[in-house]
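Have the model open in a viewer, with selection by residue number ready. The stops below are meant to be selected in order.

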Amino acid sequence: MRERNLRVLEFTKIREMLKEYAGTELGMERIDELMPSGDIHTVEKYQAQTEEANTIISMTGGSPVQYFTDVRPQLRIAAAGGTLSMRGLLDVADVLRAARSTRTALVTEREDTPLLTDMGSRLATNRTLEEDIYNAILSEEEMADRASAELYDIRRHIRILNDKVREKLNTFIRNPNLQKYLQDSIVTMRNGRYVIPVRAECRQFVPGLVHDQSGSGSTLFIEPMVVVEIGNDLKQWLAKEQREIERILSEFSGRVAPDASMIASSIDILAELDIIFAKARLGRAMHAVPPKLNNRGCVRLMQARHPLIDADKVVANDLWIGQDFRVLVVTGPNTGGKTVTLKTIGLLSLMAQAGLQIPAKYGSEISVFDEIFADIGDEQSIEQSLSTFSSHMTNIVDILQNVTDHSLALFDELGAGTDPTEGAALAMTILEHLLNRGVTTMATTHYSELKAFALGTIGVENASVEFNVETLRPTYRLSIGIPGKSNAFEISRKLGLPDDLIQAANERLSKEQIRFEDVIANAEYHRQIAEKERELAEQAHLETQRLRNEAEKLKQELDERRETEIKKAKADARKLLLKAQRESEQVIQELKKMRSGQIREHEVQALRGVLNDAISDTAEKIQAAPADDNIPATLAPGDTVMLINLNTRATVLSAPDAKGEVSVQAGAMKMKVKLADTRIAEPEAKSKAKPKKSSSFSPAAREVKTECDVRGMTKEEALSAVDLFIDAGILNKLKTLYIIHGKGTGVLRSGIQNYLKHHRMVAEFRLGHYGEGEDGVTVVTLK
């Protein structure tokens with residue numbers, strides 16, 4: 001791609017935007033060199049990489065590429081046998097760390113990012129070298145004591161000597177006999193030696209070496225003789241320290257040298273990954289999408305937006321070319337958006353071919369062009385004595401010489417800048433030439449001749465940008481299929497030009513011109529009406545769809561709620577049935593154990609049959625209960641209802657409360673049930689009594705007892721017997737009951753009393769008094 005075309009279409013500004021999302025300086029440098037590709041396979045790879053990066057950002061929240069410095073110059077020094085500085089080695093460690101962390105983030109079991117996984121697997125790492133450098137070098141000016149055992153020992157000696165020097169000098173300056181010779185009682189350093197400030201006139205009283213003097217000459221910085229020897233030893237140890245540091249740096253440089261080429265390769269991969277993730281982040285900021293790609297010259301953009309215009313102001317447009325027509329002629333008033341339309345298709349094509357996603361709707365399609373030519377703007381040159389027309393024509397000649405059937409040609413105001421008749425003739429000839437060569441072409445113009453040319457030529461289509469005559473403002477909406485009207489007379493009238501002048505100007509137009517403009521105006525009028533009607537129909541469709549979705553959602557929720565309630569009711573009913581069956585078995589066991597001998601075995605079997613028949617009948621009714629019974633809206637005291645969970649009739653005692661619960665009485669039992677678990681009971685049909693199975697046993701015939709003897713039973717058996725005993729007492733309206741459990745180990749007593757604590761019908765209980773059985777009896781008082 002030619003740099004001039006990239007500049008004209010403002011791709012260079014996209015590069016600057018992209019650099020803001022790069023994380024490394026090398027990535028920014030590479031972005032300055034970013035070029036669109038004309039090979040469809042390469043572009044497909046670029047787009048796939050960007051989409052994979054977008055996937056990783058969605059999962060991790062950002063780019064995995066950490067900041068690093070370009071250390072390729074340092075690597076060349078190390079490979080040549082040179083020694084790197086501490087700063088250089090730290091930079092190498094930064095690259096190794098960035099490569100390791102990026103490789104860890106990309107090389108996973110994920111299957112939706114194969115391209116980036118492959119790039120990550122090619123990153124070279126050396127964690128041992130990386131950690132050794134970080135442990136040994138604290139900063140670009142400081143080596144750690146533990147970098148080597150020798151360095152640690154050297155610095156230990158240096159610290160000891162430093163302490164000795166300071167101790168002797170502090171003793172020296174605190175000596176009252178010597179303080180009068182000092183300018184100040186401090187210890188300082190000059191040329192790496194410890195010195196004290198001495199007055200110049202007292203030099204002979206302080207023996208030592210002079211290392212410096214003040215600017216005025218009044219102060220001499222003297223190293224006293226008592227510390228000169230120690231200072232010499234200190235100098236030697238400091239020299240040893242420097243030699244050891246150099247040795248350590250040389251050793252690290254030698255370890256870097258064998259991996260220099262692999263580290264350099266990792267730097268290239270990291271820079272490329274930095275650009276890929278910058279593309280993905282820019283696309284997310286633009287709300288961009290990956291385009292479909294082809295190499296047939298077909299472009300179809302849906303709700304495309306120019307990426308350099310403020311997102312709150314830009315007008316999205318649909319634009320297509322290359323399928324039914326190869327040449328598109330755009331007409332309309334000045335500042336109406338014609339040039340922006342040209343730049344939009346050109347810039348979005350360049351972005352797509354560089355691997356960037358485009359600001360448009362999903363489903364937009366871009367063709368991969370071998371070159372995108374653009375003659376846009378006035379580039380006349382005073383130095384070259386070129387007029388506006390000459391400048392445009394120079395560009396056009398260059399385009400015609402280099403364009404191919406896989407190129408995109410964009411012309412702004414084709415044929416302008418010269419005689420209108422000749423300019424229109426040239427423009428039509430150029431467009432016809434490009435059409436015959438199969439070049440995808442888009443041009444803007446004001447010439448009516450080009451509008452007519454587009455109407456009468458197969459493969460050429462008109463388009464226009466709208467203009468609101470009432471407000472004298474463009475709407476920037478593009479309409480393909482209808483030529484634009486200049487609106488010169490209407491604009492002039494709105495701006496105050498007298499009507500007689502406008503009428504005189506109108507009379508100078510030929511009848512053919514007037515008729516042509518009227519046809520355009522009429523077509524535009526009907527198109528705008530159709531567009532408004534289409535928008536209203538679309539809004540109505542969307543509203544209808546929304547209402548339908550809400551209705552379906554509500555119906556689904558009601559169905560799910562009804563199904564849930566039915567399942568819950570059946571589950572509750574099954575629990576009640578199972579409980580009733582267990583209790584019936586307990587009654588039968590109790591009857592078997594009765595010592596009176598009045599109940600015979602066949603009577604027990606008859607009772608079992610009656611209970612089982614009742615349970616089966618209830619279960620069948622519950623299973624057969626219709627799912628669409630009407631739940632009563634409210635109930636009043638005295639109403640008769642059917643309790644669906646118990647399949648029994650009950651009388652309403654009170655109206656539903658705030659929780660939706662109602663008090664009812666079923667037989668001798670009073671309870672609270674949910675309104676949703678009730679149904680209006682049908683009147684009982686009066687019919688002749690059907691004969692029932694006879695049995696000599698009737699619960700009502702049982703002798704009412706106030707005592708229950710559970711001695712000799714297990715705890716579970718005793719609790720079951722007590723439960724039935726209390727129920728019988730409640731039904732017979734007894735107030736005081738006696739439970740005989742014996743004294744024994746106390747297991748039955750504690751179990752029964754613990755049960756009584758939680759029984760809702762027990763008011764209180766106590767152990768028996770003297771004459772009642774004492775600790776072997778529990779006396780229960782019912783509510």
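Select Leu410 and show what surrounds it: counting contacts (heavy atoms within 4.5 Å) and leaving out residues up to four places away in sequence, Leu410 touches Leu9, Leu342, Ile345, Gly346, Ile372, Phe373, Ala374, Asp375 and Met442. The model is a predicted one, in which local features need pLDDT of at least 70 and side-chain atom pairs count only at pLDDT 80 or more, while totals for chains, interfaces and linings use all residues. Residues are numbered from 1 along each chain as its sequence is written, and side-chain values use heavy atoms, with hydrogens and water left out.

Now widen the selection to the nonpolar core, a set of buried Ala, Val, Leu, Ile, Met, Phe, Trp, Tyr and Cys residues joined through side-chain atoms within 4.5 Å. Buried means under 20% relative accessible area, exposed over 50%, and partly exposed in between (1.4 Å probe, protein chains only). The largest such core has 46 residues, and Phe11, Leu328, Ile358, Leu410 and Met442 have the most contacts inside it. Select residues 338–353 next: this is helix H13, which gives the most to this core, with seven residues. Helices are DSSP runs of H or I, at least four residues long, numbered from the N terminus. Another core, of 45 residues, lies apart from the largest one and includes Met119, Ala136, Ile137 and Ile269.

Go to Asn54, in helix H4 (residues 40–60). Is Asn54 buried or exposed? Asn54 counts as buried because its relative accessibility is 14%. Beyond its neighbours within four places in sequence, Asn54 is in contact with Ala280, Arg284 and Gln357.

Two arginines come next. A charge sits over a ring if NZ of Lys or CZ of Arg is within 6 Å of the ring centre and within 35 degrees of the ring normal. The charged end of Arg190 is over the ring of Phe221, 4.0 Å from its centre. Arg300 lies over the face of Trp320, at 5.4 Å from the ring centre.

Move to helix H21, residues 715–731. Its buried residues are Ala718, Ala721, Val722, Leu724, Phe725, Ile726 and Gly729. Just after H21, Lys733 takes a positive phi of about 60°.

Finally, colour by pLDDT, the predictor's confidence in each residue, from 0 to 100. The protein chain averages 83, and 85% of the residues score at least 70. Over residues 380–385 the pLDDT is below 50, and this stretch has five contacts in the model beyond near neighbours in sequence. Residues 687–702 also stay under 50, with eight contacts beyond four places in sequence.

Methods:
Helices (H or I, at least four residues) and strands (E, at least two) are DSSP runs, numbered from the N terminus. The expected span of a helix is 1.5 Å times one less than its number of residues.
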